[in-house]
Amino acid sequence: MAVPKRKTSKARRDKRRSNVWKLPVPGMVKCSHCGEFNLAHRVCSNCGYYNGKEIIKKEEA
């Protein structure tokens, strides 16, 4: 049975584990209508447009 010859240091152990829990950045894109950033393939929360068409009617303040 394979047994480690030396104890793995905390620094070495933590370096190995550092990238395990990193989450990817969500795909943010600029809205073609108003220019605000929002998630790709979703209706813009600011203006209500998607793919150049008005999907949700928003009241202008």
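The radius of gyration is taken over C-alpha atoms, and the globule rule is 2.2 Å times the number of residues to the power 0.38. This is a predicted model, in which local features need pLDDT of at least 70, side-chain atom pairs count only at pLDDT 80 or more, and totals for chains, interfaces and linings use all residues. Residues are numbered from 1 along each chain as its sequence is written, and side-chain values use heavy atoms, with hydrogens and water left out.

**View 1. Overall dimensions of the chain.** The chain has a radius of gyration of 23 Å, whereas a compact globule of 61 residues would be near 10 Å. Along the principal axes, the C-alpha atoms fill a box of roughly 70 × 25 × 15 Å.

View 2. From the N terminus, the order is α-β-β-β-β. These are DSSP runs, numbered from the N terminus: helices are H or I with at least four residues, strands E with at least two.

**View 3. Burial.** Of the 61 residues, 8% count as buried, meaning under 20% relative accessible area (1.4 Å probe, protein chains only).

**View 4. The largest pocket.** A pocket is an open set of points on a 1 Å grid over the protein atoms alone, where a 1.4 Å probe fits, with protein on both sides within 12 Å along at least five of seven lines; lining residues have an atom within 4 Å of a point. The largest pocket holds about 150 Å³ of space. Its lining has 15 residues, and Cys 31, Arg 42, Tyr 49, Tyr 50 and Asn 51 are the closest to its centre. Strand 1 (28–30), strand 2 (37–39) and strand 3 (49–50) each supply at least two lining residues.

Conventions: Points joined across faces, edges and corners; volume = space filled by probe spheres on them. Buried < 20%, exposed > 50% of the residue type's maximum accessible area, 1.4 Å probe, protein only.
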